[in-house]
Amino acid sequence: MTQQTVTLFDTHTHLYLPEFHEGGVPAVERAREAGVGYMMFPNVSLETVGPMRELHAAYPGNTFMAMGLHPTEVGEDWENHLAETERILRSELQSFKAVGEIGIDLYWDTTYRQEQLEVFRRQCLWALEFNLPVIIHCREGLAEVLEVLRSLPAVPAGIFHSFGGTPEDVEAIRSVGDFYFGINGTATFKKSTLPATLPVIPLDRLLLETDSPYLAPVPKRGRRNESAYIVHTAQFVADVLRMPLDRLALVTLENSKKIFGIP
């Protein structure tokens, strides 16, 4: 099965970031040539909204956008940043397919732990109000993420992006909501636990992503990641699950369109 005969959906890529100094256009072209027909751009901060809009405008048939405030962007001025993020989402609601990238990140710094919880909670409430899925960033914060989700009046649909957990983590997450799991290049890493976890994830809740420009898969590890490299992760996941690449591509494409409400 050649790359050109499958259509892949990169459900999480930041090709608009400064790491793609050429504006991301060549990276989108390389992705399309590799069989990546669709790409989701989750926002990070107020500074990334403009570049994200520009790249999406250049490829409206291949790309989609999500609006949110990333947990590592939560600092002293978080209330103003969150208010402006909400204003953009409300005023351009038809432009966005999800609320994200949002969540909890306590890996680098726990200074704003409580603020991250509140920012995540409020953005989940937007998702419920607008009937949009959430794209969840969770790093060293699974207990906190699940705590917030349990506290909501209802649990939004959503994706645990860059999932790298254990079968027990899958069980804990699914006890709270019927979430999707975004699998990227970390699955291919030598010490990854994902080969043991992948069979536990329901096939109809499996998604593929890159998290470009981060986490390039083997054999591209150590390079700037990009959406075209998703083919390596897709082949690895297909091999672990012992299924043809074309079937995995079809299933994950259908899953992606379903969660984002794309016809």
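Student: Does N131 count as buried or exposed?

Tutor: This is a predicted model with residues numbered from 1 along each chain as its sequence is written; local features need pLDDT of at least 70, side-chain atom pairs count only at pLDDT 80 or more, and totals for chains, interfaces and linings use all residues. Side-chain values use heavy atoms, with hydrogens and water left out. Buried means under 20% relative accessible area, exposed over 50%, and partly exposed in between (1.4 Å probe, protein chains only). The relative accessibility of N131 is 69%, so N131 counts as exposed.

Student: Where is the place of N131?

Tutor: Helices (H or I, at least four residues) and strands (E, at least two) are DSSP runs, numbered from the N terminus. By that numbering, the place of N131 is in the loop between α4 and β5 (134–139).

Student: What is phi of N131?

Tutor: Most residues other than glycine have a negative phi. N131 is a residue other than glycine with a positive value, near 55 degrees.

Student: Which loop holds E140?

Tutor: Phi of E140 is also a positive value in a residue other than glycine, near 55 degrees. E140 has a relative accessible area of 56%, so it is exposed. Its place in the chain is the loop between β5 and α5.

Student: How far apart are the C-alpha atoms of A143 and I173?

Tutor: A143 belongs to helix α5 (residues 142–151). With a relative accessible area of 55%, A143 is exposed. A143 and I173 are 30 residues apart along the chain, and the separation of their C-alpha atoms is 9.7 Å.

Student: Which residue does a cis peptide bond join to S212?

Tutor: Most peptide bonds are trans. The bond here has omega of about 10 degrees, and the residue joined to S212 is P213.

Student: What is omega for the cis peptide bond from V218 to P219?

Tutor: P213 is found in the loop between β8 (206–208) and α8 (230–241). P219 has its place in the loop between β8 and α8 as well. For the cis bond from V218 to P219, omega is near 15 degrees.

Student: With which residues is E19 in contact, leaving aside its neighbours within four places in sequence?

Tutor: E19 lies in the loop between β1 and α1 (25–33), and at 35% relative accessibility it counts as partly exposed. E19 and N225 are 206 residues apart in sequence, yet 9.7 Å apart in space, C-alpha to C-alpha. Contact means heavy atoms within 4.5 Å. With neighbours within four places in sequence left aside, the contacts of E19 are P213, Y214 and R224.

Student: How far apart in space are T7 and Y180, C-alpha to C-alpha?

Tutor: T7 sits in the segment before β1 (8–10) and counts as partly exposed, at 35% relative accessibility. Apart from neighbours within four places in sequence, its contacts are G35, G37, Y38, A249 and L253. Y180 is 173 residues from T7 in sequence, and their distance in space, C-alpha to C-alpha, is 19 Å.

Student: What is the radius of gyration of the protein?

Tutor: The protein has nine helices and eight strands. The radius of gyration is taken over C-alpha atoms, and the globule rule is 2.2 Å times the number of residues to the power 0.38. For 263 residues the rule gives 18 Å, so the protein is as compact as a globular protein of that length, with a radius of gyration of 17 Å.

Student: What percentage of the 263 residues in the protein is buried?

Tutor: Along its principal axes, the C-alpha trace spans about 50 × 40 × 35 Å. Among contacts between residues at least 6 apart in sequence, 73% join residues at least 24 apart. Of the 263 residues, the buried part is 54%.
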